[in-house]
Amino acid sequence: MAGQSRAQFSSRIGFILAAAGSAVGLGNIWGFPTQAASNGGAVFLFVYLVMVFALAYPLLVAELTIGRYGSANPIKSLRSIWPQQKKVASLLGLAGMVAVSMILSFYAIVAGWLLGSLVGPVLDAVGMTTAAAWLESFSTARNLILMIIFMVLTICVVRNGVADGIERWSTRLMPVLLVLFLLMVVYILTQDGAMDGLKMYLVPDFSHFSADLVVSAMGQAFFSLSLGVCSMMVYGSYIQKNVNLPKVAAQVALLDTAVAFIAGLLILPAMFVALNNGVEIYNETGGLLSSDTLVFSVLPAMFDTMGAVGLLVGILFFILMVIAALTSSISMLEVPVACATEELNQDRKVAVWWIGGVITLFSAIIVFNFGEMFGLVISLTTEYAQPILGMIFALLVGWVWKRDQALQEIKQGYPELEQGLFWKIWPWYVRVVCPLLMLLVFFA
Ligand code: PHE
């Protein structure tokens with residue numbers, strides 16, 4: 001049943017914006033710049049670029065290809081490429097589904113803080129100072145309520161399905177995000193102090209180069225391209241057969257990397273503008289403050305020093321962040337929802353609420369045990385689950401699924417691909433180079 005009337009993205013550009021929406025998120029706008037800032041600027045940028053194109057891009061093609069071949073939820077798609085081991089394949093899909101749900105559970109907490117930082121200054125400006133202070137200071141109640149609001153937003157989009165929910169909102173929100181983003185960069189770069197931030201970002205400091213840096217860059221690339229947790233696999237399953245997968249994957253990876261790069265042009269200069277305006281950005285030991293302090297204290301404090309313009313710029317900045325978070329969170333929730341609708345034959349409108357409810361509940365447990373669980377869940381999912389599952393998917397495509405079948409799926413509608421470089425390199429690359437690279441980085 002699910003197979004025949006299965007939903008699809010209505011157009012190629014719809015898919016690109018949805019997948020780029022999944023990829024572009026807090027990882028780009030917040031994670032990448034702050035990691036670059038504390039890891040030697042351009043050195044990190046360079047290693048990151050290598051990781052994206054040498055490792056993450058081929059894996060992105062692999063995940064999209066598995067999804068489109070299966071034309072089903074990730075559990076079933078994985079079974080379809082490994083029919084000899086249906087149970088193991090299903091378990092792998094299940095693992096991806098659990099991992100992505102756990103990512104959503106911490107992502108929603110952070111996105112909730114962003115909502116607080118967005119609404120807080122507005123309330124403050126209209127005189128509701130107590131409410132504003134509550135929204136902007138850390139408390140269990142605030143974390144809980146804002147997280148629930150963000151989860152409901154995510155649920156409402158996914159509830160409407162692939163074309164009317166995910167695609168419609170991604171194609172509406174992504175252009176807004178890009179425009180806001182460029183406006184912000186132009187504004188910040190014209191402020192005093194911005195050039196010091198640019199220097200820190202673009203002038204390499206080689207003393208920072210280390211194995212740890214390479215591992216961080218790899219983790220960042222995996223997180224940023226939403227790899228290893230079936231989000232891209234499920235989006236791949238909604239792509240039409242005549243779409244050129246290597247090409248759209250390259251467009252998504254480029255867009256994602258461009259946004260991360262531009263975010264560096266925004267956040268690092270902004271930190272130094274803040275310093276210039278008297279806001280502290282260094283800790284006692286002379287290092288940069290933690291990334292959450294930078295985003296939730298330093299930037300708002302800087303916007304505060306800029307009067308009415310600052311209020312507006314601050315609001316736009318946090319709108320941008322919330323949009324980026326939402327187009328990512330919907331790609332997370334879609335994974336378990338697709339599994340439930342197809343594996344359990346449930347109605348999407350029913351599945352989305354109970355699954356969203358379970359994830360909200362888990363997120364609430366993290367909120368109540370913040371000190372013990374928040375960092376742990378982030379590290380389990382992003383440092384272990386994503387790279388390990390990503391590597392397993394590469395091994396599956398390279399060794400279990402026959403080379404010709406994978407290529408057959410990729411070249412549909414594009415026989416000319418057979419003449420290209422991609423054709424010769426990719427299968428061998430996913431089979432040998434990607435797993436080796438990852439093992440190497442792990443052991444380093
Ligand atoms: N890529 C998103 C970001 O950069 C996060 C994400 C991870 C989305 C895993 C989906 C799956 O913020």
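**Close-up 1. Asn345 in the loop between α14 and α15.** Asn345 sits in the loop that joins α14 to α15 (348-368); helices here are DSSP runs (H or I, at least four residues), numbered from the N terminus. This is a predicted model, in which local features need pLDDT of at least 70 and side-chain atom pairs count only at pLDDT 80 or more, while totals for chains, interfaces and linings use all residues. Residue numbers start from 1 along each chain as its sequence is written. Asn345 is exposed because it has 10 C-beta neighbours inside 10 Å; with C-beta atoms placed from the backbone, a residue is exposed if 12 or fewer other C-beta atoms lie within 10 Å of its own, buried if 20 or more do, and partly exposed in between. Its phi is near 60°, a positive value in a residue other than glycine. Most residues other than glycine have a negative phi.

Close-up 2. Ser226 belongs to the loop between α10 and α11 (231-236). Its phi is also positive, near 55°, in a residue other than glycine. Ser226 counts as buried, because 30 other C-beta atoms lie within 10 Å. The ligand is surrounded by 16 residues, and Ser226 is listed among the closest, along with Gly25, Gly27, Ser231 and Ser328; a residue is near the ligand if its C-beta atom, placed from the backbone, lies within 6 Å of it. Two or more residues of this shell come from each of α1 (12-23), α2 (26-38), α5, α10 (211-224) and α14. By type, the shell holds seven nonpolar, nine polar and no charged residues; Ala, Val, Leu, Ile, Met, Phe, Trp, Tyr, Cys and Pro count as nonpolar, Asp, Glu, Lys and Arg as charged, and the others, Gly among them, as polar.

**Close-up 3. Pro33 in helix α2.** Pro33 is found in helix α2. It is buried, because it has 29 C-beta neighbours inside 10 Å. Leaving aside residues up to four places away in sequence, Pro33 touches Ala263, Gly264, Ile267 and Leu268; a contact means that the two C-beta atoms, placed from the backbone, lie within 7 Å. Pro33 and Ile267 are 234 residues apart along the chain, yet their C-alpha atoms are separated by 6.3 Å.

Close-up 4. Helix α5 (residues 86-125) has 40 residues and spans 58 Å from its first C-alpha to its last, close to the expected 58 Å; the expected span is 1.5 Å times one less than the number of residues. After α5 comes Gly127, with a positive phi near 95°. Ser90 lies in α5 and is partly exposed, because 18 other C-beta atoms lie within 10 Å. Ser90 touches Ile75 and Arg79, residues up to four places away in sequence not being counted.

**Close-up 5. Where α7 meets α14.** Helix α7 (residues 140-159) packs against helix α14 (residues 307-343) at an angle of about 65°, with the axes 9 Å apart; axes are lines fitted to C-alpha atoms over the stretch in contact, and angles run from 0 to 180 degrees between N-to-C directions. Leu153, Thr154, Ile155, Val157 and Val158 of α7 meet Leu326, Ser329, Ile330, Leu333, Glu334 and Val337 of α14. These contact residues divide into eight nonpolar, two polar and one charged. Leu153, in helix α7, is partly exposed, because it has 19 other C-beta atoms within 10 Å. Leu153 and Leu326 are 173 residues apart in sequence and 7.9 Å apart in space, C-alpha to C-alpha.
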